[in-house]
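Dear colleague,

Please find below the structure that I am handing over to you. A summary of the findings follows it.

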Amino acid sequence: MTPEEIEAMVAAQLAGPPILDHPAEPTGVPPIDWRHLSPADARAAWTSLREWVEWFTVRYDLPISLVPPCWWKHGELVEELSALHILHQASFDSNDTGFGPIGWHERLAQAKGRLQRAGSGCTSGHDELKPRSWAGATDEAEWDAWIDQSHAS
């Protein structure tokens, strides 16, 4: 070997293993903002979420106490399941570095308590919840005065 070849070999060894080339762009799995979906986008999002929830609950053998059949009637459950759905897609994306699946399972373990609280009471049928309402709860004049005061100076 020539001195140049030895120098190149040593430099390559010192550089360490090659750095994997990962795309700078995100995986392409945007979160769902249910509040701002168009009717067409909402239908597609609901269909995708339902398919995933049905697969997810069977695959992970989740009891009804975590995800009751009326899950879609509970806003908190919808938000939690939607977030898990998006995380699952991103975690198992082909661009993932390999840590996604374990991260998914760690997050799932954390989410189970929230799922149970969100769907509690519906293990033997839907327990209709009275949604919270803000109609008439805020004195508008007091609100306006508060805003003016809190932003003064």
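A pocket, on a 1 Å grid over the protein atoms alone, is an open set of points where a 1.4 Å probe fits, with protein on both sides within 12 Å along at least five of seven lines; lining residues have an atom within 4 Å of a point. Grid points are joined across faces, edges and corners, and a volume is the space filled by probe spheres set on the points.

The model is predicted: local features need pLDDT of at least 70 and side-chain atom pairs count only at pLDDT 80 or more, whereas totals for chains, interfaces and linings use all residues. Residues are numbered from 1 along each chain as its sequence is written, and side-chain values use heavy atoms, with hydrogens and water left out.

The largest pocket holds about 150 Å³ of space. Its lining includes Arg50, Glu54, Thr57, Leu62, Val67 and Trp72. By class, the lining has 9 nonpolar, 1 polar and 2 charged residues (Ala, Val, Leu, Ile, Met, Phe, Trp, Tyr, Cys and Pro count as nonpolar, Asp, Glu, Lys and Arg as charged, and the others, Gly among them, as polar).

Thr57, one of the lining residues, belongs to helix H2 (helices are DSSP runs of H or I, at least four residues, numbered from the N terminus). Thr57 is buried, at 18% relative accessible area (buried means under 20%, with a 1.4 Å probe and protein chains only). Not counting residues up to four places away in sequence, Thr57 touches Leu62 and Val67 (contact means heavy atoms within 4.5 Å), and Leu62 and Val67 also line the pocket.

Yours sincerely

Definitions and conventions
Helices (H or I, at least four residues) and strands (E, at least two) are DSSP runs, numbered from the N terminus. Buried means under 20% relative accessible area, exposed over 50%, partly exposed in between (1.4 Å probe, protein chains only).
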